Amino acid sequence: MSDVPAKLTVVTGKGSPGRSRLTSLLIHLGLLAASVVMLYPLLWLLAASFRPENEIFTSASILPSVWSIDSYIRGWNGLRTSFGVFFTNSFIISGLSVIGNVMACSMAAYAFARLDFRFKNFWFAMMLLTLMLPYQVTLIPQYVLFRQLGWVNTFLPLVVPKFLAADGFFIFLMVQFFRGLPKELDEAAQMDGCSPWRIYWKIIIPLSMPVLATAAIFTFIWTWDDFFGPLIYLSEMKSYTVMLGLRTFTDSTGESDYGGLFAMSVLSLVPIFLFFLFFQRLLIEGIATTGMKR
Amino acid sequence: MTARSLQSGAPARERAATPSTWSRIWQNDAPGYLFLLPWLIGFIGLTVGPMVTSLYLSFTDFDLLTSPDWVGADNYIRMFTNDAKFWTSMRVTMFFVIFSVPLKLAFALAVAMLLNRGIRGLPLYRALFYLPSLLGASVAIAILWRQIFAGDGLVNKLLLLVGIEGPSWISNPQYSLWTLIVLSIWQFGSPMIIFLAGLRQIPTDMYEAASLDGASKWRQFVKITLPLLTPVVFFNAIIQTIEAFKSFTPAFIISGGTGNPINSTLFYTLYLYQEAFAFFRMGYASALAWVLLAVVGVFTAFSFFTSKYWVHYDE
């Protein structure tokens, strides 16, 4: 009985000869066509950023006739404040967010996955509920609070919540991972008199690098991309993030300098694209195992 | 040492119960709560507290500068009886949710089905299809979209090659919302990955048995794949719907923060933002937020309630 299905798998899996080869060719053609359609806008944006200004709107092709970096030079200083400042700000905010999120979320996840305490299930359920909460419901009082603390026009409203594990998604992600680690390890360590803190720091954290890296990368990308937070909390140009810089660009000079706008848009995508290039597998596994939204 | 005291702990603990209840609580519960502390502070200070405050503010007039004035249910009454923009924004958001989510999931599932057949080059395809969903939330992509669908944009250039003169999609209220729906569908990559993971859970021998019985591919899809995949469909649908309700950046960037042309892209979140941070009607905006919560809550509860009729769980 076990033999027959195995043979059948070979037949159906690798494709029965003849018709199936054609089908698989057609599928490949279809998928390739779909990829091209999907990626065309991105390639076009990339090409447009390297085109001489007068050529941007005359051509739908993705190869510029002349390569030029003029747009990058113009765009970089296209606003009163240089994009260098915006990039620095974005890196600071995203970097601090990564540190805060990984620390606070892994601590909470360790408590949920490994420690016993009263009302644990209640708190866990609360944490899951916050995942579904539209942020608008807490937005205005949070704004009032941060304003009273004098934090408007600083990075604090964007960073401090990360140190308080405000994005429950990552707690959930880590709880799933921690639960998969062999419990015997902590039990052995506990018998040797290790405190929970040492178990967390010396056993759980070192064994959890993949999930911590996934959380770090997603935190970075989401913070980097965040537009709403900076939009309401940062109003002085010297504290703008890249996303706010781009938005200002579209409002002020965007109509006249599309080249500069596109060049800065491409630059703003570079960090995310690098993560994609080097950590794709982590990202895809992160999504597959927990159902990340993006 | 600790192990022995754990094993013989029960009687000893009982004896010492009354005098050292607090120290026992300290020993048993303190580590957990200490690790949970950052989250707890955030939960109370940034979620529960603000929620209560926001509920209170929704019954007030509040402009941020003077203290809130209690107005009873006025905000809610005005919203439902005397605010055309509220209804417009609700309609726009509903339209967006109702069209973008099913279409996005349909694309995600269709492509996942194609990729699931042990196809060569799977990692490459998966990565290519995933890239837009990773980049898509960025302001840069919204800017790109605004350009692509402009009157002299890329789409019309390509259409012109086949002799069609396209309209200005962005500034035509008939199409403007559709450009945002297309942008959302374009990002079908992450639900696709979740579908792929779900498809992999379905045992292949079910298909083998079915094809031995002469079931067509379509029949196998309807009778095996779809029922077994319903938990994943359900999960994706919930996540994507909540995301769609919260969508803000693309509409803001593409319409320059206005929701125009003639409010055709005035997402609910955009309207709420305008009320709160352009007109400083913080009380009214809080009421809008609570209505949003109610809508999302009713939708989610409804989904969970109906799920037992169509979501198939093992055992």
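These notebook entries record what I looked up in this predicted model.

**Conventions.** I number residues from 1 along each chain as its sequence is written, and I letter chains from A and number ligands from 1 in the order in which they are written. For this predicted model, local features need pLDDT of at least 70, side-chain atom pairs count only at pLDDT 80 or more, and totals for chains, interfaces and linings use all residues, while side-chain values use heavy atoms, with hydrogens and water left out.

**Entry 1**

**Entry 2: salt bridges.** I found seven salt bridges over all chains (a side-chain nitrogen of Lys or Arg within 4 Å of a carboxyl oxygen of Asp or Glu).

- Arg281(B) pairs with Glu275(B), closest N and O atoms 2.7 Å apart. Glu275(B) is buried because its relative accessibility is 3%, whereas Arg281(B) is partly exposed at 37%.
- Lys246(B) meets Glu243(B) at 3.8 Å, N to O. Both lie in helix H12 of chain B, three residues apart, about one turn of the helix. Lys246(B) is buried at 15% and Glu243(B) partly exposed at 23%.
- Glu236(A) forms a salt bridge with Lys238(A), with the closest N and O atoms 3.0 Å apart. Glu236(A) is partly exposed at 37%; Lys238(A) is exposed at 58%.

**Entry 3: Thr248(A).** Is Thr248(A) buried or exposed? I have it as buried, because its relative accessibility is 14%. Thr248(A) sits in helix H13 of chain A, residues 242-251. Leaving aside neighbours within four places in sequence, Thr248(A) is in contact (heavy atoms within 4.5 Å) with Leu79(A), Met237(A) and Tyr240(A).

Notes. Helix = DSSP H or I, 4+ residues; strand = E, 2+ residues; numbered from the N terminus. Buried < 20%, exposed > 50% of the residue type's maximum accessible area, 1.4 Å probe, protein only.
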